[in-house]
Amino acid sequence: MNETIKEKSWIPLIVVAFASFIIALDATIMNVSISQVVIDLNTDVSTIQSTMSFYTLITAAFMLLSAKLQDIVGKKKLFLIGTALYGVGTFTAAVSTSATMLFIGWAVIEGVAGALMMPATISIISGTYSGDKRTVALAIVGVMGSVAAAVGPLFGGVMTTFLSWRYGFACELIIVFIILIMRNRIPDFTPTESRDDLDITGSVISIIGLVLLVLGILSLSKDPNTSVIIIVLGLVALVLFGWFENRRKRNGKVPLLDMELFKDRNLRVGTIILLLSYLAMGGALFAVSLFLQSVLQLNALNTGLTTLPLTIGLLIFAILAPSLTTKLSHKKIMAIGCIMAIIGCLMLSYQFRLDTTVWTLLPGLLVLGAGLGFIMALCTDVSLINIPAESQNNASGINSTGTSLGESMGTAIIGIILILGVMGGISTAVDTYAPDHSGDEQFHIDVYNYLQKVGNIDDLKQNSTFVDVVNIIIQQTMAFVMQITAIIMGIVFLLTLRLQDRKIKQ
């Protein structure tokens with residue numbers, strides 16, 4: 001490997017950061033374009049929500065296999081294969097003429113491609129830089145991913161308002177070309193294993209387990225009984241996967257995932273922190289964006305501008321975080337971030353009404369983003385700090401799987417909370433504001449269908465009773481969403497206390 005590239009040049013970091021950016025961007029870019037996509041492709045909110053969730057689900061499902069393929073194919077080669085495939089997927093999504101075509105291009109092709117790229121972005125950085133440069137580089141990659149996820153609504157808003165949501169995917173294709181053009185600036189890494197070492201059975205079991213787990217979560221609101229069964233089957237498959245990997249290692253074969261890595265507390269806890277943090281951010285962004293479009297009737301651009309404070313807070317504090325590690329440990333900085341995020345959620349929980357303005361949401365979004373910035377900038381570094389060089393690929397796969405699962409489950413779980421909140425709040429709202437319709441099943445259905453289709457409140461102003469019912473449902477549901485998000489960040493805070501402190505530099 002060229003030592004000048006390895007130790008001095010930041011170009012490899014820039015190239016892989018581009019990849020981290022577009023992969024994360026895809027998770028939130030369509031949040032502000034949901035209503036327009038529903039119209040253009042003649043579909044509904046649930047279908048687009050499912051497509052968004054399946055993108056990150058498929059990415060997560062193939063992540064462990066991808067991490068192992070790095071050892072067999074090589075980090076750089078696998079990264080470039082994934083990049084080229086990503087280009088095919090984003091082009092398909094950009095020209096899609098139906099919800100099915102969008103699903104294939106975005107969720108399936110880009111999902112698999114993202115899985116090939118994500119673990120490599122972390123392991124290439126870990127293999128290229130060391131010491132303080134490694135901490136800064138991993139923080140930048142983490143920042144790029146989290147900022148992309150947060151800036152997605154604004155970027156999607158600009159595209160949708162002035163051009164079309166399709167141009168968002170087209171811009172990603174341009175970045176793909178840039179990455180491929182700069183491919184020679186990425187260091188080469190020699191494969192350490194052969195094709196015979198590939199654990200096909202373990203790969204299949206892990207994919208089945210992860211898909212069943214999140215698929216069950218996605219379908220909870222439609223068929224709870226069946227969903228619980230699917231979730232249990234997914235968990236059983238993942239337990240079976242763990243047993244199979246341990247058995248394979250005892251038999252002297254190379255496992256897809258070395259379960260011994262989970263004995264490292266920082267990797268284990270750090271991965272869970274990433275999962276929950278991305279779950280909270282992705283879910284909150286989805287809920288807020290949907291509120292801004294359906295209730296405040298903001299267009300895609302203004303929706304993106306309204307969520308911009310979260311992006312600004314995240315970016316500023318994520319950039320600030322590495323410099324603070326000279327005075328405070330990773331653990332303390334991340335704990336402070338958790339407290340800030342909780343405060344932001346509680347500030348937002350009372351702000352969602354029919355008369356809400358963008359200014360009333362700004363403080364809460366800014367504080368929430370700032371807290372998440374502290375956490376996401378440092379979590380990957382502290383997760384991998386104790387992992388030996390030969391296990392970095394495997395560990396990066398674990399870390400990336402947690403991130404992708406968090407993104408997928410965030411949209412799914414918060415989406416379910418929204419639906420359940422609406423369904424549960426209809427009876428209360430009707431009893432309060434329209435007691436004459438308490439037993440009117442059709443009235444209940446009309447209210448639910450209006451909210452599901454993201455209707456325009458102006459169309460209902462002639463029916464003040466209907467507006468009152470919708471208003472109270474929105475208040476209760478959005479407050480519940482933000483309170484759940486605060487609870488999630490409270491759990492993250494407790495988890496940060498379990499991390500082993502990094503030595504404070506003098």
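Searching the whole structure turns up four cavities of 30 Å³ or more. A cavity here is a set of points, on a 1 Å grid over the protein atoms alone, where a 1.4 Å probe fits but cannot get out. Volume is the space filled by probe spheres set on the points, with grid points joined across faces, edges and corners.

Take the second largest cavity, which holds about 250 Å³ of space. Which elements give two or more residues to its lining? They are helix H2 (11–28), helix H7 (99–128), helix H8 (131–162), helix H12 (265–294), helix H16 (358–384) and helix H17 (392–433). The lining has 18 residues, and Ser20, Met118, Val141, Tyr278 and Thr403 lie nearest the centre. Lining residues are those with an atom within 4 Å of a point. By class, nine are nonpolar, eight polar and one charged. Nonpolar covers Ala, Val, Leu, Ile, Met, Phe, Trp, Tyr, Cys and Pro; charged covers Asp, Glu, Lys and Arg; the others, Gly among them, are polar.

Now the largest pocket, with a volume of about 410 Å³. A pocket is an open set with protein on both sides within 12 Å along at least five of seven lines. Its lining counts 17 residues, and Leu210, Phe262, Ile398, Thr401 and Leu405 are nearest the centre. Helix H11 (224–250), H12 and H17 each give two or more residues to that lining. The classes come out as 12 nonpolar, four polar and one charged.

A quick word on ground rules, friends. Residues are numbered from 1 along each chain as its sequence is written. In this predicted model, local features need pLDDT of at least 70 and side-chain atom pairs count only at pLDDT 80 or more, while totals for chains, interfaces and linings use all residues; side-chain values use heavy atoms, leaving out hydrogens and water.

Stepping back to the whole chain, there are 19 helices and zero strands. Both are DSSP runs numbered from the N terminus: helices are H or I with at least four residues, strands E with at least two. Of the 506 residues, 60% count as buried; that is under 20% relative accessible area, with exposed over 50% and partly exposed in between, using a 1.4 Å probe and protein chains only. Among contacts between residues at least 6 apart in sequence, 83% join residues at least 24 apart, where contact means heavy atoms within 4.5 Å.

On to the aromatics: how many aromatic pairs does the structure hold? The count is two. Rings of Phe, Tyr and Trp (its six-membered ring) pair if their centres lie within 6.5 Å; planes under 30 degrees apart are stacked, over 60 edge-to-face, and the rest tilted.

Tryptophan 106 and phenylalanine 169 make an edge-to-face pair, 5.6 Å centre to centre with 70° between the planes. Tryptophan 106 sits in helix H7 and phenylalanine 169 in helix H9 (residues 166–181), so this pair ties together parts 63 residues apart in sequence. Tryptophan 106 is buried at 0% relative accessibility, and phenylalanine 169 is buried, also at 0%.

Phenylalanine 317 and phenylalanine 374 form an edge-to-face pair too, at 5.2 Å and 80°. Phenylalanine 317 lies in helix H14 (residues 308–324) and phenylalanine 374 in helix H16, 57 residues apart. Is phenylalanine 317 buried or partly exposed? Phenylalanine 317 is partly exposed at 25%, whereas phenylalanine 374 is buried at 6%.
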